[in-house]
Amino acid sequence: MAGECVPCEGPDLKNMGEEELWELINDNRHRISLGVRPCIVIPYLRQARVLTEMDEDEIVTCHNLTNRSMRTSYMLDLLRTQGRNGAVALLESLMIHYPTMYTQITGRKPSTEPSRFSGLIKYSELTEYLVRAVTGMQRELQEAHREANRMTARCASLESEVGQIMEQEEKSRCLQADNERMQRHLCSLQREVTKLKDEKCDLYVRYTAAIEEKSAVNKRLHDLNLQVYQLQTELQKAQMENEFQRQRSLRCASLAETPQLQEEVRRLRCQLVKAEKLDPARQEILAQDLAEAIDSQVELAEQLRCYREENEQLLREKQGLMDQKECLSLQVQQLTLDCNMHQQKITMIHNQIRDLQAERDQAYLSRDEAQAMIAQTLGEKDTLRCQLMELQERVFSLQAKRSPREQKQSSDETEVGWESPRSSCDESPFPNRRRLCRMDAVNPTSLNSCHLETEDAVASSVRSRSAEPPSSDSLRRRVEALYADSSLETAECDSLLDDFVFLPDVGNEDMQTPRLCSSSDSSSDGLSRTLAPPFLMRSRPKAIRINGRVLSISFQGGSLLKQLAVVGGNKTGVFVHQVTEGSAAHTVGISPGAQIVEVRYEQNQKALRMVLEDSTLEEAMWALGQVTGLCHLSLRSRQCDYEALLQQLQNSEVSSGDSFYVRVNMSLPAGPNGTLAVSCNDILHVTNTRPTGTEDSWHASQVHPCQLLDLQSGTVPNYYRAQRLLIRAIEDMNFQTKKSHKPWRVVAQNKEKGVRIVSTGRQGRNPLWVSVEDEKKSTESGDTSAPKSCVTLMPYTLVTPHYPPICRPILLLPTVLGRILDNKLAGWQGFQLCEPEVLSSCEHTTQVQRSEILEECEQGSNCCYTLQSVEKVMKKGIHCVLPLGLDCVRRLHRAKIFPIIIYISQTARSARKLRSKLQRHNQSEEQLLACSKSEEPLLDKLPCLYHSVAPDSWCDQTSLLTSLRTIIWEEQKKIVWVEPDLW
């Protein structure tokens with residue numbers, strides 16, 4: 001808009017009457033209802049005094065006005081009641097905030113000239129309003145820019161996180177692909193090994209066949225030797241016979257027979273020669289066959305030796321493949337755990353999203369309930385307006401009968417009486433019937449002081465106590481007084497009074513009922529201007545105040561547990577379950593399904609406040625049982641959650657609304673009636689703090705070490721009975737300590753008792769839930785009868801589960817032995833020693849202020865172990881071995897890093913096993929035992945669990961390292977339970 005005068009085309013608005021202006025507006029009513037936002041033009045209309053704060057609240061928060069068009073149309077209806085001023089103020093607001101629409105409606109171009117405004121707002125106030133409007137728009141623009149920058153940064157961070165997750169997924173896919181490739185290679189090597197085994201079996205078969213052939217050759221050679229021997233024997237026999245025949249023939253043969261004998265001898269000699277000629281050839285053949293058999297045997301032996309060497313080489317390759325298979329299986333297990341961890345994180349994110357959606361739905365339901373309550377309140381106000389109109393008519397009829405003198409006195413009283421903020425100079429001085437106006441409620445703080453005066457006050461009109469209309473002078477004085485008052489004080493007073501709605505007191509209803517009396521008995525000159533007329537008072541002296549979603553109710557709460565019954569617990573909240581009919585709680589309107597957020601009451605002249613929003617059922621019943629006299633309950637409507645809890649209780653899914661985890665600090669034996677036997681440092685899941693039939697017990701279950709699963713369940717002593725048992729156990733230990741003179745017996749008795757002494761700086765009734773507060777001193781207050789000396793002893797401590805990344809750091813204790821084993825442990829695959837960093841003076845100072853330095857290598861030097869060095873090793877997916885002491889544990893916990901703490905118990909016998917290692921590192925057995933003795937008591941002060949290695953479970957350094965590797969693998973799979981800071 002230009003700041004100079006612009007020629008106009010339409011008629012001058014100052015010359016137009018009321019009907020013409022509203023006819024112009026009604027012609028464009030549809031356009032205004034669709035294009036104008038009430039929240040933008042209402043500040044100007046408030047500044048022009050054509051709308052009040054009550055009108056603004058009704059336009060903005062009315063439940064029946066469901067959209068912006070309906071609110072704008074309702075605003076036009078309210079402006080119509082203001083006549084010409086309302087129309088002029090509306091058009092001026094359109095000229096400032098909607099110049100285009102102003103031109104379309106009036107045919108005139110907008111201008112910021114002071115002469116163009118009607119004068120409803122002074123020039124200085126108009127200038128201030130325009131400056132505020134421009135400043136507000138600039139502020140909103142800056143806020144929008146900042147919000148856009150924040151959203152951009154948030155999107156960038158989310159994109160970086162998504163990129164990191166994608167990189168991790170890509171790495172996991174690569175590792176899975178490598179794993180599959182190695183598995184395929186392993187399968188191919190196994191098939192090759194199988195083939196080699198088959199070839200080896202074939203060689204064994206061939207070797208067996210060769211041996212059988214050799215046996216056959218040997219047998220054949222033996223047969224040939226027998227045949228030669230037989231032939232030689234036959235030859236000798238033939239020669240002997242031949243010699244005998246020859247001699248015989250020579251002596252007694254005749255001459256006639258001699259030629260025949262000679263022929264026969266010749267024939268035998270030929271046969272003998274032939275036999276001698278054949279025998280060497282056979283021998284050569286047999287010798288050649290024997291030589292061939294020997295050569296084949298040598299070849300088979302050589303082949304068998306080669307096969308044996310190949311078999312040994314295959315066995316070595318098989319062993320290497322088996323080792324590689326074990327490494328691959330370990331990597332596969334690590335990848336599986338990593339995938340499971342990512343799945344658990346994704347599941348937790350989904351659960352958080354579902355919880356946020358549930359909270360959003362609950363917020364929507366609460367908003368709808370608040371809108372319904374506002375609509376109901378507006379309906380009640382309308383009813384009261386009707387009653388007010390009837391009472392005004394009765395007052396007018398009574399005042400018309402009064403004498404002129406009394407009317408004059410009443411007219412004088414009106415000048416100092418209660419005035420309405422809606423009077424105006426433009427109203428007619430003689431209306432036929434007065435317009436109904438909104439009233440303020442009575443301030444509860446001034447109710448008692450003004451009660452006697454209001455009972456005898458005369459029923460009067462809001463604007464005047466006279467039956468006649470007010471004069472012009474009276475109207476002028478009212479306008480001047482109205483403008484002289486501060487608008488801020490009026491707004492604060494109205495908002496304070498509108499918050500209170502009175503409730504009945506059962507015992508004093510008859511005494512607090514207001515009465516209408518005649519004017520002769522009235523003495524209302526001392527009433528304050530902030531007080532409402534007497535007929536607006538209700539007969540309920542106590543008040544309800546609505547603060548957002550919480551409803552505060554005040555009533556007489558004596559024997560409160562007899563008036564109402566509660567269910568629930570710290571997980572679901574404490575709900576009202578049953579309300580006794582006829583009680584004070586029933587009279588003020590408390591119904592089942594309301595959550596008790598807090599209770600306030602007085603005890604021993606002290607104002608106490610107990611927050612029950614996240615307390616257990618036991619604590620809530622104790623707190624409600626302490627209430628005596630007047631109390632204030634803060635309630636929140638959660639009907640859906642209450643019905644869901646009842647459904648779970650009916651289906652026996654849960655036994656109460658309690659659910660929390662504790663660490664047991666003492667050993668409790670098993671007892672009758674299902675009492676659970678627990679040991680010191682056990683984790684219990686408490687599901688009911690007030691089980692049926694018992695008053696000093698809890699129903700709890702033991703927890704699986706690796707998953708959030710309940711195992712064996714039973715009852716355990718509640719916090720206060722367990723505290724008494726702990727005190728008794730400590731007294732028995734002290735008595736036995738004084739009775740015994742040998743220190744080793746004391747240690748044995750302490751271990752047998754299994755007591756962990758935990759103290760806290762909280763001085764409340766129950767350090768688990770600090771729910772009692774003194775409103776004046778802002779300190780916690782508990783049962784005055786409880787002994788103050790026992791409040792720091794905690795038999796149970798609250799713990800929360802944590803799921804650390806795949807590889808947690810390793811801390812070995814005692815420190816003397818840990819420094820020796822750290823280098824050995826870091827030499828294994830999957831472990832790396834934490835290296836110190838050399839920092840500059842500026843970096844050292846900065847990290848000291850941030851508590852990022854875990855330990856300094858040397859006092860006064862800048863060589864330190866930092867959190868960054870630990871995180872750098874953990875990002876590699878391996879265990880970081882910490883050569884540090886116990887002081888680093890809490891600093892690591894603050895950085896969400898949870899180390900595996902392993903304490904190796906020491907005795908004189910176990911220290912002797914490490915004598916050579918200690919001497920090599922310039923340490924002695926006495927130093928190791930002294931270090932172990934000094935660090936063992938500090939372990940119970942840690943906020944987390946640790947693993948203790950018995951001294952007789954290992955025999956040398958190798959077996960100790962092997963057992964440590966197994967312990968680390970088991971501890972990595974467990975859930976980390978961490979206690980809160982008790983100081």
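A polar contact is a pair of N or O atoms within 3.5 Å; within protein, one must be able to donate a hydrogen and the other to accept it, and residues adjacent in sequence count only if both atoms are side-chain atoms. In this predicted model, local features need pLDDT of at least 70 and side-chain atom pairs count only at pLDDT 80 or more, while totals for chains, interfaces and linings use all residues. Residues are numbered from 1 along each chain as its sequence is written, and side-chain values use heavy atoms, with hydrogens and water left out.

The side chains of His685 and Asp710 make such a polar contact at 3.0 Å. His685 lies in strand S10, residues 683-688 (strands are DSSP runs of E, at least two residues, and helices runs of H or I, at least four, numbered from the N terminus). Beyond its neighbours within four places in sequence, His685 is in contact with residues including Phe660, Tyr661, His699 and Asp710 (contact means heavy atoms within 4.5 Å).

Accessibility is classed as buried under 20% relative accessible area, exposed over 50% and partly exposed in between, with a 1.4 Å probe and protein chains only.

| Residue | Relative accessibility | Class |
|---|---|---|
| His685 | 9% | buried |
| Cys187 | 36% | partly exposed |
| Cys706 | 31% | partly exposed |

The whole structure has zero disulfides, a disulfide being a pair of cysteine sulfur atoms within 2.5 Å.
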